[in-house]
Amino acid sequence: MVRHTTFRYCLDPTAEQQTMLARHAGAARFAFNQSLRAVKTALTRRRTDPDVAVPWSGFDLINAFNTWKKTADAGRVFVVDADGVAEVAVTGLAWRTEVCQQVFEEAAVDCGRALAAWSTSRTGARKGRKVGFPRFKKKNGGPPSFRLRNKHRTGGRPAIRVGDARPRSVTLPGIGMVRVHDDTRRLRRLLGKGRGKILFATVGVRGGRWWVSLNVEATDLDPAHHHPTRDGHDAGGWVGIGRGLSAFAVAATADGREVARIKDPPKALAAGMRRQRRLARAVTRKEKGSHNSKAAAARLGRHHRKVRDIRWHFLHEVSNALVKTHDRIALEDLHVTGMLANHRLARAISDAAWAEFARMLRYKQAWRHGDIAVVDRWFPSSKTCSTCGTVSTGLTLSDRVFVCPRGHRLDRDHNAAINLAAWAENQHHDHYHGVGPARARDPQAGGPVTNARRQDGPGPHLRVGETSLNDAGTDAHPTPGT
């Protein structure tokens, strides 16, 4: 099994290297804009001449840009001799040799990916929000960045190297050795043993500093770090993880045993909101485009970077602890984007980063050969009594204790985690015995239920998170766990 991971380091470039990095980032932006301009020009010409070919894929855009950069349309340099006669000395981009050529190619590939995303989104083949047509990149519109490939020469060293001249350094093609702040021992050991290779290096500015992200293709983890293989008849061992705001995560088994409860997340966004407002006001009060405005924006960017680092550090700690101790995890497919429509909880939900937490659990569990069951988002895990199976239609978001109509009482998040684990066990049992696609059971009717539907008819519809007439007692068919 091959796994992909990323190592991110903060660079410590010299003044000359900072200029060179900024030059490469500008070249990437220029190549992206020129590739997009070629596509728009070809689309315009195609309106009158259907035979005009439009470069659309990344390879077509690379060829188009490489051809264009050597022509007179890209620029000309004239030299005047002593007699006053002007001659063309250079045709094409005069500065194209000052940057690594891979920057142009990777920028053209990015433009091709943006066009493909727009095309698939337009036809409905791409899930999620609609993707608009690519737009030109502005010089001050976003953080500068560029990407380089790691070419492995036959019998030679790779183009991108870590710890080549000194342990805390990274060597980039066209730029040379750049010092880094962080320790690179883990990556050097991985590369030195032949258990991984660097594929790409993405360099960009975040929070006023230059960072490099190395995309590494590594071999599988050592078998000692894998979860033991379970027998196919064994449907137990599932741990449901319920995500919430009062308690970040609650893990419980199907028999009702609570195995983990994370109560105090850092809430970095809420803790730094006062400072964020002050820094944002400082940016708006500076003259736009001035040095003071850029400095204030850099301070605000560093604050956002700190908030993100605190949140990610917490998510990595919690996900590592859960993955290392449980080989079977059941997660609910939360519609986080829809939950953000609730303006009262949007900030808290964003600060909790539920979607990012689920993503970490998925790939870390795959690295250790564990199982992840994704429970359908319409499954009423919080409204169903884990003891008797009765669905409580009157449960609201403010009710933190689940009270069953038959008298059972249990913590809301604990009750949801138990139901998730029980769902995963039933799904695994039905799938192994060939019952067919697993379907959530209606405990009151004793059989499969129909798809959950939204409230039909005229009248105002409820907000996200509120209990409707149908989703309180119905459930959709869950998808098989992955």
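## A first pair of residues

In β7, Thr-171 has Met-177 as its bridge partner. That contact belongs to the pairing of strand β6 (residues 169–172) with β7, which is antiparallel and runs over four bridges. Two strands are said to pair here if DSSP finds at least two bridges between them. Helices (H or I, at least four residues) and strands (E, at least two) are DSSP runs, numbered from the N terminus.

β6 and β7 are part of an open sheet of three strands, in the order β5-β6-β7, with antiparallel pairing. β5 (161–162) and β7 (176–179) stand at its edges with a single partner strand each, so one side of each has no neighbour in the sheet.

## What you are looking at

This is a predicted model, in which local features need pLDDT of at least 70 and side-chain atom pairs count only at pLDDT 80 or more, while totals for chains, interfaces and linings use all residues. Residues are numbered from 1 along each chain as its sequence is written, and side-chain values use heavy atoms, with hydrogens and water left out.

The protein chain holds eleven helices and 18 strands. Of its 482 residues, 41% are buried. Buried means under 20% relative accessible area, exposed means over 50%, and partly exposed is in between (1.4 Å probe, protein chains only). Now take the contacts between residues at least 6 apart in sequence: 65% of them join residues at least 24 apart. A contact means heavy atoms within 4.5 Å.

## The five-stranded sheet

Another open sheet has five strands, in the order β12-β11-β10-β13-β14, and its pairing is mixed. At the edges stand β12 (258–262) and β14 (371–375), each with a single partner strand, so one side of each is left without a neighbour in the sheet. From one strand to the next, the twist averages 20°. As background, strands of a sheet pair through backbone hydrogen bonds, either parallel or antiparallel.

Let's walk along it. β12 and strand β11 (residues 249–253) run antiparallel and are joined by four bridges; Ala-249 sits opposite Ile-262 in β12. Strand β10 (residues 239–243) pairs with β13 in the parallel sense over three bridges, and there Val-239 stands opposite Ile-329 in β13.

How much of strand β13 (residues 328–332) is covered? Five of its five residues are buried. Arg-328, Ala-330 and Glu-332 point one way, while Ile-329 and Leu-331 point the other way.

## How helix α1 packs

Helix α1 (residues 15–46) packs against helix α3 (residues 101–123) at an angle of about 45°, with the axes 8 Å apart. Axes are lines fitted to C-alpha atoms, for helices over the stretch in contact, and angles run from 0 to 180 degrees between N-to-C directions. α1 and α3 are therefore oblique to each other; angles under 35 degrees count as roughly parallel, over 145 as roughly antiparallel, 65 to 115 as roughly perpendicular and the rest as oblique. Residues of α1 that meet α3 include His-24, Phe-32 and Leu-36, and on the α3 side Phe-104, Asp-110 and Cys-111 are among those involved.

α1 also packs with helix α2 (residues 58–68), at about 105° and with axes 10 Å apart. That makes α1 roughly perpendicular to α2. Here Phe-30, Ala-31, Gln-34, Ser-35 and Val-39 of α1 meet Leu-61, Phe-65 and Trp-68 of α2.

Which residues have a positive phi without being a glycine? Lys-267 is one of them, at about 50°, and His-369 is another, at about 60°. For context, most residues other than glycine have a negative phi. Lys-267 lies in the loop between β12 and α5 (268–271) and is partly exposed at 44% relative accessible area. His-369 is in the loop between α10 (354–367) and β14, and it is partly exposed too, at 39%.

Ala-298 belongs to helix α7 (residues 291–325) and is partly exposed, at 24%. Ala-298 and Arg-209 are 89 residues apart in sequence and 9.3 Å apart in space, C-alpha to C-alpha.

As for cysteines, Cys-10 is buried at 6% relative accessibility, and Cys-100 is buried at 12%. With a disulfide taken as a pair of cysteine sulfur atoms within 2.5 Å, the count comes to zero.
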